[in-house]
Amino acid sequence: MTNNDINTQFRSLPSVEQLLQELVLGGLAGEYSHAAVVSLARQQLNDTRDSIREGKNAPALQQLAADIMARAEEEWSPWPRPLVNATGVVIHTNLGRAPLSEPAMAAVNAAAGSYSDLEFDVREGSRGSRQAHIGRLIAEVTGAETGLVVNNNASAIMLGLSAVTEGGPREVIVSRGEGVEIGGGFRIPDVLMQSGATLVEVGTTNRTYARDYASAINENTAAILKVHPSNFRVIGFTHEAELNELVTLGRERGVPVLNDLGSGCLLDTTQYGLAPEPTVQQSVNAGVELSFFSGDKLIGGPQAGIIAGNAEWVDRLGRHPLARAVRIDKMGLAALSATLTSFLKGEAHEEIPVWRMISMSVDTITETAEGWLKEIDSPAVSLREGQSTVGGGSLPGETLTTTLLAVTPPDSPDAFARRLRSGPTPVIARIEDEVVVLDPRTVSDGQSATVVEAVKLALKA
Ligand SMILES: *Cc1c(COP(=O)(O)O)cnc(C)c1O
């Protein structure tokens, strides 16, 4: 297109006023504020001018108005939008990690719409602490003296390192095999630096002994930090120092031991045919001063960073100025307290969705898959054995046997998977060997109808 043509196309575009009149007819201008609709109309016009510059023709007035309506629908509908996770990845970081239990959802709902005793001592009628109740629950489920909760595990570690290095020695000793990147660009060495600590790496990538830590301790040592390499595995000629060796060493030399567990497992994973994931109880029993873990990985609760440890150290973290900056909100606390209560009652594997999915039998899964197969009733679908994963940076390389619904689409697997995502409730599937597979393990009972409908519709297209 010549500059002249582009100018002609620009002139054929409607004014914001003309667009607004059209949007009044469409009902959008009545539903949202004038300023919001004007701003959206301007954005759409700007984008349209960009596409004209790239050689496209100017759309008609009605088309522009329709595009704005679609944009409003997309941008102003409730968000995050619920969807169906048929990937078989139980803790899927991109899909919001752990879905909450029924009791946790009820607790969030109750705390959200009402005043509460979040920081109020009802008996005394005076100010209370938002950490007291949850601290006791953490103590009860983990065996630690007390606990503290912040916004997420990354901020918990940041707070921990800031507090142990404050106003004193700054060196923190970490194994060379554990200066890792957790995901989303969260790197242990960077966090150490941010907190003002000085990283002292010991050992080698594959082998680090307690004696390596011992020889690095001096008057500048603030702490020993152990990090669970949660999202990868080093196999072969490897060695890592045991927690109790480090605790013994720390006690002898007056250095606290901090343990970043990552996913924070409270149950024995071997009963579900998985490799043993280190538990919080083991960390606490070993005598670690501070154990750090996430609320929304294997705890199966809300986003949160949980610290379990001895009272003196936990209190020190709670008093640090950074604690206020990484404070957890009331809805997170409500959800976490309900989730931890499920563990106290011994009902985690029934009440908490991630544990229900992990402990689900292949027979139950097969039954669901057979139901889908029957209702979809198409030669393009079949069942096959497959593997689910726990995800969320826990149990790398470990899988759970499952039964998958496999769809051989009439066109490309990518196009079919896209159609599955395009409904009002998107269905997220996996592509395996050019076949689209859906895993019932991560689909709740109430979502089966959505899956069946979405597959039928996507096959028709
Ligand atoms: C996931 C993870 C973190 C970060 O936890 P968030 O709750 O996502 O902030 C830190 N350390 C380890 C080892 C992890 O696996």
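Guide: One term to begin with: helices (H or I, at least four residues) and strands (E, at least two) are DSSP runs, numbered from the N terminus. The model is predicted, so local features need pLDDT of at least 70 and side-chain atom pairs count only at pLDDT 80 or more, while totals for chains, interfaces and linings use all residues. Residues are numbered from 1 along each chain as its sequence is written, and side-chain values use heavy atoms, with hydrogens and water left out.

Visitor: Fine. How many residues surround the ligand?

Guide: The ligand has 13 residues around it, and the closest are Ala 154, Ser 230, Asp 260, Ser 294 and Lys 297. A residue is near a molecule or strand if one of its heavy atoms lies within 4 Å of it.

Visitor: Which element gives the most to that shell?

Guide: That is α8, with 3 residues. Both α8 (153-164) and β9 (257-262) supply at least two residues of the shell.

Visitor: And how does the shell divide into nonpolar, polar and charged?

Guide: There are 4 nonpolar, 6 polar and 3 charged residues in the shell. Ala, Val, Leu, Ile, Met, Phe, Trp, Tyr, Cys and Pro count as nonpolar, Asp, Glu, Lys and Arg as charged, and the others, Gly among them, as polar.

Visitor: What lies 2.8 Å from an oxygen atom of the ligand?

Guide: A polar side-chain atom of Lys 297 lies at that distance. A polar backbone atom of Ala 154 is also 2.8 Å from a ligand oxygen, and for a polar backbone atom of Asn 153 the distance is 3.0 Å. A polar contact here is a pair of N or O atoms within 3.5 Å; within protein, one must be able to donate a hydrogen and the other to accept it, and residues adjacent in sequence count only if both atoms are side-chain atoms.

Visitor: How much of the ligand does the protein cover?

Guide: The protein covers 93% of the 380 Å² of accessible area that the ligand has on its own. Such areas come from the Shrake-Rupley method with a 1.4 Å probe; for residues, only the protein chains shown count as cover.

Visitor: Now sheets. What is the strand order in the sheet of 7?

Guide: That open sheet runs β5-β11-β10-β9-β8-β6-β7, with mixed pairing. Two strands pair if DSSP finds at least two bridges between them.

Visitor: Which helix packs on β5, β10 and β11?

Guide: Helix α7 (residues 132-142) touches those strands, and its direction makes about 120 degrees with that of β5. Helix α13 (residues 311-319) touches β5, β10 and β11 too, at about 25 degrees to β5. Contact means heavy atoms within 4.5 Å. Axes are lines fitted to C-alpha atoms, for helices over the stretch in contact, and angles run from 0 to 180 degrees between N-to-C directions.

Visitor: What about the sheet of 5 strands, what order is that?

Guide: The order is β2-β12-β13-β16-β15, again an open sheet with mixed pairing. Helix α18 (residues 362-376) lies across β12 (381-391), β13 and β16, at about 5 degrees to β13.

Visitor: Last one: which peptide bond is cis?

Guide: The bond from Trp 79 to Pro 80, with omega near 0 degrees. Pro 80 sits in the loop between α5 (61-76) and β1 (84-85).
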